[in-house]
Amino acid sequence: MGSRARARRAAAVLGFTGLLCAVLGAVMIVLVPTLIKQQVLKNVRIDPSSLSFNMWKEIPVPFYLSVYFFDIVNPDAILLGEKPQVQERGPYVYREFRHKSNITFNDNDTVSFLEYRSFQFQPDKSHGLESDYIVMPNILVLAAAMLMENKPMSLKLIMTLAFSTLGERAFMNRTVGEIMWGYEDPLIHLINKYLPNMFPFKGKFGLFAELNNSDSGLFTVFTGVKDFSRIHLVDKWNGLSKVSFWHSDQCNMINGTSGQMWAPFMTPETSLEFYSPEACRSMNLIYKESGTFEGIPTYRFVAPSTLFANGSVYPPNEGFCPCRESGIQNVSTCRFNAPLFLSHPHFYNADPVLAEAVLGLHPNQEEHSLFLDIHPVTGIPMNCSVKLQLSLYIKAIRGIGQTGKIQPVVLPLVWFEESGAMEGKPLRTFYTQLVLMPSVLQYAQYVLLALGCVLLLIPVIHQIRSQALF
């Protein structure tokens, strides 16, 4: 009798334990998704107490800027009217450092900040040195010539004489470092003296001179502390809620985030929108596929084919015109009226006539498309590669001798890739707290429920066996 009583008590204890496990598992199934959501919301908002705040303030991801130049092979022949031929040189790789300062929390659930950037050349990752010479279009000469196209012939002849006196030519041979970060040119001083509002710069001229040791403008974004629905969205840039570079309200709108974090709990229907001060416009990326990065689930977002489409192909882009062939965007209105165009590298995804007009271009998806891999639960980028190209529209201008017989062409100057991937301690912390722990909780709830059900069966089986013995 004593042994049967002990068996009954043991069965009862196991049954009670099973009931507790089953109840706890069921409660977790109901509550864990809510707890995970609350934990994510707490840690992705812009607040000093959130897990991601330091990551947002001092981006721990090592970013690299890889620059490829289009070295002109036949500058003299171009002046005679022949088709340009280019040779891609590079990459010339720079480590990009970013940090936010002047961080100010405002009363309307927003935070304002300046983000400073600086660049450091990485010889070990580069195919060449900053002392390498590159033959490129003389942007100052050719841009000034285009701006004079409809001016009186007398002014054009004066400009031709000024170019000749200063030794200016349509093409120049300068080092990578000069093209990137600036070079002295007497033409700048001359233009600033007689046409003071033509160029926004006063000293050296370089393609990336304005980006080094400078900020990208004053961003004001929503923190998500009081209103989660607007988390990370840009409220204002440099005090503006829209820009005035373009010819339609839609194109001038400042939409999306500042391009570093997005709202959590993404779906494949989510689009990735951000404002780019360098492109002077908002951009929108679309979902392509799901994947993983270092064990972390991701959504890959890519550029739609309409990103740089002209107004004829994609009417909403009409506001970015005057347009040329589809696949390149005219950015002259935000780049001192120089005939500069933004596109994918090698005119990928653009009208084929653009690449056919220049020898040495080979557009392909693998090398020239851009992507961002985002953790969909938190909206935090894990791995990114943004690739863009800057080109100059050139042609002979009657009355300006330096332009010779140049046939109209959109000539690539440079293409560049900004890339970065989370790694090291930030990656491990992110994985542990925002991927591993939620996964453990999700598995634990079902394990407890299953264990509870098994343990609840023990007293039932014991009771059946006891009745069978009698």
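**Notebook: a helix, a core and a patch**

I began with helix α4, where I139, L140, V141, L142, A143, A144, A145 and M146 are buried. A note to myself before going on: this is a predicted model.

Why did I call α4 largely enclosed by the rest of the structure? Eight of the nine residues in this helix, which covers residues 139-147, are buried, so the rest of the structure largely encloses it.

Next I looked up the whole protein chain. I found 11 helices and 15 strands. The chain has 470 residues, and buried ones make up 50% of them. I also checked contacts between residues at least 6 apart in sequence: 66% of these join residues at least 24 apart.

Then I turned to the largest nonpolar core, which has 119 residues. Which of them touch the most other members? They are F69 and Y94.

Last came the surface. I noted about 22600 Å² of accessible surface for the protein chain, with 57% of it belonging to carbon and sulfur atoms. On the surface I found a nonpolar patch formed by F228, F265 and V377, with about 210 Å² of accessible area together.

Definitions and conventions
Residues numbered from 1 in each chain as written. Predicted model: local features only at pLDDT ≥ 70, side-chain atom pairs only at ≥ 80, totals over all residues. Heavy atoms only, no water. Patch = residues over 30% accessible without salt bridge, like charges linked within 9 Å, V, L, I, M, F, W, Y side chains within 5 Å. Areas by Shrake-Rupley, 256 points an atom, 1.4 Å probe, with all protein chains shown as cover. Salt bridge = Lys/Arg side-chain N within 4 Å of Asp/Glu carboxyl O. Core = buried A, V, L, I, M, F, W, Y, C linked by side-chain atoms within 4.5 Å. Buried < 20%, exposed > 50% of the residue type's maximum accessible area, 1.4 Å probe, protein only. Helix = DSSP H or I, 4+ residues; strand = E, 2+ residues; numbered from the N terminus. Contact = heavy atoms within 4.5 Å.
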